[in-house]
Amino acid sequence: MARMGLVLRSLIGALALGLIAVATPAAVAQQPSSVNPTAQSVKEQELLKELQRIQGRSSLPDARTRVLEQPAGRDWRHFHQVTFRWIGAIVILGMLAVLILFYLFRGMVRIEGGRSGRTLVRFNAFERFVHWMTATCFIVLALTGLNVTFGKELLTPLIGPEGFASWAQWAKYAHNYLSFPFSIGVVLMFLMWVAWNFPSGTDVRWLKEGGGIVGSSHPPARRFNAGQKLIYWVVVLGGGAAAITGYLLMFPFYATDVTGMQTAQMVHGIVGVLFIAIMLAHIYIGTIGMQGAFEAMGKGEVDVNWARQHHSLWLENETRKGRVGGGSVAPAE
Ligand code: HEM
């Protein structure tokens, strides 16, 4: 009996040893390093350094959903959390600084000789409606987009984590839903004004002479000068790029894979901050930068002397067509 017990114990011992011998290489193969990925104490960074990716289990058929972190994702996260924030801050604050300095040195561009008291229509009611609808959406999209980039760090100390969470949720709804009227506005602007925005010979002279904003000459221009044409194409192409990449982000994985999503985010963010910086310059010229400009989009009419100074060829044309109100108009320079 004692002998049988000994044999049994030896057999069990041999079996256990055999099992260990079989199991050990597999365990080593699964675990190429000294790090035990299931250990509670393993730090995320240490695990990533050793294994290159963190993978979990998922009941979804797509195996890619099991990858929680991988090298390209970490590069993208670094771009999003560090590089992109620097780009955004430099581009937007840099433009604000340039505009403030420009205003301090140049001041408002005034209507030479003052207002004539006679006006002509510059934008009709539909054009103004489309402009303000798109501009309002743009401002909300800009603020709510910047909230994704900078909001958590800037606002949490002021309104607390819960305050920020509910504001960020509303901001996200606004960014998503206002994208639709914004996209419609960009398409309408493209159709409404494309005929006046092709480059022409007068643009070269206008640019060489600094557009009458830098310097004191008043180069001739048609309905839109070269500066306005540039803004127009920034809106059409920048708005188009923001819309395409934005919808790729809003409807994830319908048309792209993970790499495509990351590229869409990077393009969307960079187009967004450049767009905001350029629009700051547009808003500057339309308000404090140039006397008489705001009325063009405000009430839709401009003073004849303003038109002569900034759009002399357009004024000549409108005068020929009898569209200038009240009194006779001297020919444009
Ligand atoms: C049709 C138009 C647009 C659509 C569909 C759209 C959609 C989106 C989506 C889905 C996101 C990701 C938000 C998130 O991660 O929770 C986003 C982020 C962002 N959007 Fe837009 N957007 C549009 C227009 C704009 C415009 C016009 C601007 C700038 C004026 C802008 C600026 C931004 C910025 C700065 C971010 C944050 C980028 C980041 O830090 O990841 N977007 N947008």
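1. The largest cavity is lined by Ser200, Thr202, Asp203, Trp206, Pro220, Ala221, Arg222, Phe224, Asn225, Ala226 and Lys229. A cavity here is a set of points, on a 1 Å grid over the protein atoms alone, where a 1.4 Å probe fits but cannot get out, and lining residues have an atom within 4 Å of a point. The volume of the largest cavity is about 40 Å³, where a volume is the space filled by probe spheres set on the points, with grid points joined across faces, edges and corners. The structure holds one cavity of 30 Å³ or more.

2. The model is a predicted one, in which local features need pLDDT of at least 70 and side-chain atom pairs count only at pLDDT 80 or more, while totals for chains, interfaces and linings use all residues. Residues are numbered from 1 along each chain as its sequence is written, and side-chain values use heavy atoms, with hydrogens and water left out.

3. Two helices, α5 (201–208) and α6, each supply at least two residues of the lining of the largest cavity. The largest share, three residues, comes from α5. By type, the lining of this cavity divides into five nonpolar, three polar and three charged residues. Ala, Val, Leu, Ile, Met, Phe, Trp, Tyr, Cys and Pro count as nonpolar, Asp, Glu, Lys and Arg as charged, and the others, Gly among them, as polar.

4. For the fold as a whole, the chain has ten helices and four strands. Helices (H or I, at least four residues) and strands (E, at least two) are DSSP runs, numbered from the N terminus. Along the sequence the pattern is α-α-β-β-α-β-α-α-α-α-α-β-α-α. The chain has 333 residues, of which 35% count as buried; buried means under 20% relative accessible area, exposed over 50%, and partly exposed in between, with a 1.4 Å probe and protein chains only. Of the contacts in the chain with a separation of 6 or more, 70% are between residues 24 or more positions apart, a contact being heavy atoms within 4.5 Å.

5. The second largest pocket has a volume of about 870 Å³. A pocket is an open set of grid points with protein on both sides within 12 Å along at least five of seven lines. Its lining counts 33 residues, and Gly145, His175, Leu249, His268 and Gly269 lie nearest the centre. The elements giving two or more residues to this lining are α3 (71–106), α4 (125–193), α6 (226–250) and α7 (258–289). Helix α4 gives the most, with 13 residues. The lining of the second largest pocket is made up of 17 nonpolar, 14 polar and two charged residues.

6. Which residues coordinate the iron atom of the ligand? They are His175 and His268, each through NE2, at 2.0 to 2.1 Å. Donors are N, O and S atoms within 2.8 Å of the metal (3.2 Å for Na, K and Ca); water is not among the atoms, so sites may look incomplete. The arrangement is octahedral because the six donor atoms around the iron atom subtend angles of 81 to 179 degrees. Six donors count as octahedral if opposite donors are over 155 degrees apart and all others between 65 and 115. The pair links distant parts of the chain, with histidine 175 in helix α4 and histidine 268 in helix α7, 93 residues apart. Both histidine 175 and histidine 268 are buried.

7. Two residues of helix α6 can be set side by side. Glycine 246 lies in α6 and counts as buried because its relative accessibility is 14%. Its C-alpha is 9.7 Å from that of histidine 175, at 71 residues' separation in sequence. Leucine 230 is also found in helix α6, but leucine 230 is exposed, with a relative accessible area of 55%.

8. Histidine 310 is found in helix α9 (residues 304–310). With a relative accessible area of 7%, histidine 310 is buried. Leaving aside residues up to four places away in sequence, histidine 310 touches Val109, Ala221, Asn225 and Met290. Ala221 and Asn225 are also among the residues that line the largest cavity.

9. Phenylalanine 253 lies in the loop between α6 and α7. Its phi is near 70 degrees, a positive value in a residue other than glycine. Most residues other than glycine have a negative phi. Phenylalanine 253 is exposed, with a relative accessible area of 51%.

Key. Four donors count as tetrahedral if all angles lie between 85 and 135 degrees; four count as square planar and six as octahedral if opposite donors are over 155 degrees apart and all others between 65 and 115; anything else is irregular.
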